[in-house]
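Have the viewer open while you read.

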Amino acid sequence: MAKEKSVFYCTECGFETAKWMGQCPSCRAWNTISEERVTVFAKTGKRSSKEEVVLKTIADISLTKEEKCSTSLAELDRVLGGGIVPGSLVLVGGDPGIGKSTILLQTCRNLGEAGKQVLYISGEESLKQIKLRADRIGSFRDCVKLLCETNLAIIEEVIRKEKPQVVVIDSIQTMFSEEISSAPGSVSQVREATAVLLQLAKGLEISIFIVGHVTKEGTVAGPRVLEHMVDTVLYFEGDRHATYRVLRGVKNRFGSTNEIGVFEMRECGLVEVSNPSEYMLNGRPVGENGCIVTCSMEGTRPILVEIQALVCKTNFGFPRRQANGMDLNRLNLLMAVLEKRLGMSLGDCDAYVNIAGGMRINEPAIDLGIVLAIVSSFRNRPISEYVLAFGEVGLSGEVRAVGQMASRVAEARKLGFRVCVVPASCKGTLTEQENLRIIYVANVAEAIEALL
Ligand code: TYD
Ligand code: MG
């Protein structure tokens, strides 16, 4: 017997509750709990299928060598862990308008041209709109099949009949199953659609890309609701006003996470940026105070970014602190270290710190850069443009070791830096290099002494 009941879901994380709440107890987001009608089937206690269950041991399973298939976009291959794995389910999340449809259509074209059977299913755009986008991206031969459909049953039927090797679903929030009474985009619809696609992917060895919009209001389920169901989760980030976009791997069952791919949005679609450091440092000011370049590891790749700080007297009783591209709490902590350990009176100063280019970095290795930029602005003394500094700053003002020193220093050298300020505890891991002076510092005071 089937009966309908009301369930409340958090559209941010998928948390389920029997009654409405203002704040989700799981992810702490406000106003994200929404009501959905779901049909509950009474348990019969019997298996519906009559097939015998066969158990296997590891030795019984024979592996054919998994061939990862290249998308011809090296930056995308990198975040996927080397290419597309057959039978994998990949979620591509991001804000609306960031470029998810564009990158996937480009991928479809590349795969189609490489001889793969590709099906692009759009629930958001008409065939004409897809054609307009395709015309911007470049020449398309008859290698990608298109379908505008939102009904899951029809999509399943088409995929079973056509048996393509790669399918794109744009977007999961528009898909609906007639078996579920709630509206498209609700948590139960989005989960059901993903479950059906997961079965198709694993059963027929099809690689499926799912687009998921990051939503701001609480009625449409966001991509986090299905992160646990898919093999790989990629997020597309970027400043709407800047042209570059970062594709970040958040979860990957077939490769390492934390890898990023950098792209630039141009008139003709997304173009790969194979040297992000050069791109990020492009056009930086020379001889200005409050600026310094630091290095962050994004996966296996070092990326140099410029940190800018502006410290000025506050006009109100309460000093303002603003951080762009980094955690504000981290900035507050580093300023407290400067106050207490170095006796700098920053209490009556506003501080604005920005990572130029709009990149977001969470690695603590940029701490030393942030501290030096703040002191440079506070003292109105510039730091040479050929200096690069990195290291984690501890609460007693010590500069702590960071990993992958050699690749960071090599990247600095490649881009023409002449001085690297690095943690003293890393002594011995680096070899002396020509044209590159390495200054080892044990604490923040030593770094300031050496540069300012
Ligand atoms: P889109 O891929 O539609 O975003 P999403 O699918 O994530 O919602 O990207 C749309 C944006 O990209 C839009 O603002 C226009 C811009 N764009 C370009 O600048 N150049 C291009 O060649 C294309 C296709 C889009
Ligand atoms: Mg789109």
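Lysine 163 counts as exposed, at 51% relative accessibility. The cut-offs here are under 20% relative accessible area for buried and over 50% for exposed, with partly exposed in between, using a 1.4 Å probe and protein chains only. Before going on, note that this is a predicted model: local features need pLDDT of at least 70, side-chain atom pairs count only at pLDDT 80 or more, and totals for chains, interfaces and linings use all residues. Residues are numbered from 1 along each chain as its sequence is written, chains are lettered from A and ligands numbered from 1 in the order in which they are written, and side-chain values use heavy atoms, leaving out hydrogens and water.

Back to lysine 163: it sits in the loop between α4 (152-162) and β7, and its phi is near 45 degrees, a positive value in a residue other than glycine. Helices (H or I, at least four residues) and strands (E, at least two) are DSSP runs, numbered from the N terminus. Asparagine 435 also has a positive phi, about 60 degrees, without being a glycine. You'll find asparagine 435 in the loop between β20 (419-423) and β21 (437-441), exposed with a relative accessible area of 66%. There's a cis peptide bond too, joining aspartate 170 and serine 171 with omega at about -5 degrees; serine 171 is in the loop between β7 (166-170) and α5 (187-204). Why flag these? Most residues other than glycine have a negative phi, and most peptide bonds are trans.

## The overall picture

The protein has ten helices and 21 strands. Its C-alpha atoms fill a box of roughly 75 × 50 × 50 Å along the principal axes. Of the 452 residues, 49% are buried. Count contacts (heavy atoms within 4.5 Å) with a separation of 6 or more, and 67% of them are between residues 24 or more positions apart.

## Rings

Searching the whole structure turns up two aromatic pairs. Rings of Phe, Tyr and Trp (its six-membered ring) pair if their centres lie within 6.5 Å; planes under 30 degrees apart count as stacked, over 60 as edge-to-face and the rest as tilted.

| Pair | Geometry | Centre to centre | Between planes |
|---|---|---|---|
| Phenylalanine 236 and phenylalanine 263 | edge-to-face | 6.3 Å | 75 degrees |
| Tyrosine 244 and tyrosine 279 | edge-to-face | 6.4 Å | 70 degrees |

Phenylalanine 236 lies in strand β9 (residues 232-237) and phenylalanine 263 in strand β11 (residues 260-266), so this pair ties together parts 27 residues apart in sequence. Both phenylalanine 236 and phenylalanine 263 are buried. Tyrosine 244 is buried at 3% relative accessibility, while tyrosine 279 is partly exposed at 23%.

## Two helices packing

Helix α2 (residues 100-113) packs against helix α3 (residues 127-137) at about 70 degrees, with the axes 10 Å apart. That makes α2 roughly perpendicular to α3, a label for angles of 65 to 115 degrees (under 35 is roughly parallel, over 145 roughly antiparallel, the rest oblique). Axes are lines fitted to C-alpha atoms, for helices over the stretch in contact, and angles run from 0 to 180 degrees between N-to-C directions. Residues from α2 in this contact include Leu105 and Arg109, and those from α3 include Ile130 and Arg133.
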